[in-house]
Amino acid sequence: LPRRPAETPAALVLFLAASTMFEGPSGGFVPPGRRRPAAADLQLQHLHGSAGREQLDGRSRSLEIVARSAAKRAPASKAIKDGDTVLLKGHSGNYLNSDNVVDDVKARAAIKAPRAMWTIEKAGGGAISAGDVVHLRGYTGGYIDIQGDMVRVRRADRSRCKGVMITKGEAAGPVNEGDCVYLCGGERRTYVDVEEQDVRARWPDEGKWQALIIEKE
């Protein structure tokens, strides 16, 4: 009679399957939870032995150094704070500027000249936030002051100037470089607006003519 093939015990089948799941690159055991080396890494280790492992370690260290360098190069805070020198650019691209001859604030050119620079001040110091009352001091002294619909530099002590409220439309929070801001003041609570080179405060609106981009020097 033909001999019947020997049957493999079920326990042996389960053992062989489990061994295959945890088999390492050279047949060794890989503990659960440990990452199985990538094919490229295995090939490098196989070809170069300990030198290959050193190269892999060096690559990991290089990646760590790159990550640390990127963190060091992260841009500094762009928050606007008391004492910063800022520029205010209107919708036409020209900067609000003061003058050492007349008191009127104008928007004559898109040049970052000293006359276009303002020192922003806040009582109590600290970061500037939407809704704060600030004082903007020109390069020759004096502060932006709204009288009726006129925007002028009032050459007086800060305590005699009411200042202007800085807003970001419906947005709240700190004012940062590059934000679109609005300046409101005067008895009628109107907003500074720019039309060609003229700077006035005619309406209680936050529109295109009133929009100013704040920049840091």
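Colleague: Thanks! What should I know about the model itself?

Modeller: This is a predicted model, where local features need pLDDT of at least 70 and side-chain atom pairs count only at pLDDT 80 or more, while totals for chains, interfaces and linings use all residues. Residues are numbered from 1 along each chain as its sequence is written, and side-chain values use heavy atoms, with hydrogens and water left out.

Colleague: How many disulfides does the structure hold?

Modeller: A disulfide is a covalent bond between the sulfur atoms of two cysteines. The cut-off is a pair of cysteine sulfur atoms within 2.5 Å, and the structure holds zero disulfides.

Colleague: And how do I read a salt bridge?

Modeller: Side chains of opposite charge can pair when their charged atoms come close. The rule asks for a side-chain nitrogen of Lys or Arg within 4 Å of a carboxyl oxygen of Asp or Glu, and the count comes to 15 salt bridges.

Colleague: Which residue forms a salt bridge with Asp-84?

Modeller: Lys-216 does, with the closest N and O atoms 3.7 Å apart. The two are 132 residues apart: Asp-84 sits in the loop between α3 (50-72) and β1 (85-89), and Lys-216 in strand β12 (residues 212-216). Helices (H or I, at least four residues) and strands (E, at least two) are DSSP runs, numbered from the N terminus. Asp-84 is buried at 10% relative accessibility, whereas Lys-216 is partly exposed at 23%.

Colleague: Where does Asp-193 lie?

Modeller: Asp-193 is in strand β10 (residues 190-195), and its relative accessible area is 0%, so it counts as buried. Its side chain makes a polar contact with the side chain of Arg-202 at 2.7 Å. A polar contact is a pair of N or O atoms within 3.5 Å; within protein, one must be able to donate a hydrogen and the other to accept it, and residues adjacent in sequence count only if both atoms are side-chain atoms.

Colleague: What links Asp-193 and Arg-202 to Glu-195 and Arg-200?

Modeller: A network of salt bridges links these four residues. Within it, the side chains of Arg-202 and Glu-195 meet at 3.0 Å, N to O. Arg-202 is buried at 17%, and Glu-195 is partly exposed at 27%.

Definitions and conventions
Buried < 20%, exposed > 50% of the residue type's maximum accessible area, 1.4 Å probe, protein only.
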